[in-house]
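This report covers strand pairing and the nonpolar core of one model. The sequence and structure come before the details.

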Amino acid sequence: MRKPLIIALTAAALAGAVLPSGAVAATRGVSVCDNYFVRGADCFNESRLLAPARPFVIQKNDYIRWAFRGFNDHTVFSPKSSYGPGFNSGVRSTGAAFKRQFRKRGSFRVLCTIHPNQEMKVRVK
Ligand SMILES: [Cu+2]
């Protein structure tokens with residue numbers, strides 16, 4: 001009688017990643033623009049500009065999905081730190097996306113390796 005278990009697991013998977021606390025991990029959107037990062041989907045919303053001094057604050061276990069919306073190629077890179085192993089999207093073009101989960105609390109530098117001033121900070125609470 002394996003079927004009920006499979007159905008239950010499928011239902012759980014469809015409902016999203018439920019954490020032991022009962023909270024559902026959120027996916028937060030960031031746009032990769034020319035040559036900066038913005039919270040949300042609008043590259044031209046200056047009030048949502050992200051920078052090292054204006055960190056993107058998320059909850060532990062949340063995901064960030066970076067959508068490449070600039071005309072030029074960019075990367076989403078985070079160096080290895082005491083908080084994690086780091087990650088690198090590689091060079092991506094308009095329309096691409098890159099997603100990562102943040103399982104540890106702390107502050108993470110995220111930058112584009114092509115454009116030296118394109119940097120944001122993620123603060124995981
Ligand atoms: Cu860039």
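## The E1–E2 pairing

Strands E1 and E2 run antiparallel and are joined by three bridges; two strands count as paired if DSSP finds at least two bridges between them. Strands (E, at least two residues) are DSSP runs numbered from the N terminus. A hairpin of four residues connects E1 to E2, and Ser 31 stands opposite Val 38 in E2.

The model is predicted: local features need pLDDT of at least 70, side-chain atom pairs count only at pLDDT 80 or more, and totals for chains, interfaces and linings use all residues. Residues are numbered from 1 along each chain as its sequence is written.

## The sheet

The five strands form an open sheet in the order E3-E2-E1-E5-E8, with mixed pairing. Its edge strands, E3 (49–50) and E8 (97–101), each pair on one side only.

E2 (residues 37–39) pairs with E3 in the antiparallel sense over two bridges, and Val 38 stands opposite Leu 49 in E3. E1 (residues 27–32) and E5 (residues 63–68) run parallel, joined by six bridges; Ala 67 in E5 is the bridge partner of Ser 31.

## The nonpolar core

The largest nonpolar core has 21 residues. Such a core is a set of buried Ala, Val, Leu, Ile, Met, Phe, Trp, Tyr and Cys residues joined through C-beta atoms within 7 Å, where buried means that 20 or more other C-beta atoms lie within 10 Å of the residue's own, with C-beta atoms placed from the backbone. Val 30, Val 32, Phe 37, Trp 66 and Val 122 have the most contacts inside this core. The elements giving two or more residues to this core are E1, E2, E5, E9 (106–111) and E10 (119–124); E5 gives the most, with four.

Leaving aside neighbours within four places in sequence, Trp 66 is in contact (C-beta atoms, placed from the backbone, within 7 Å) with Val 30, Val 32, Val 76, Ala 97 and Phe 98.

Conventions. Buried ≥ 20, exposed ≤ 12 C-beta atoms within 10 Å, placed from the backbone. Contact = placed C-beta atoms within 7 Å.
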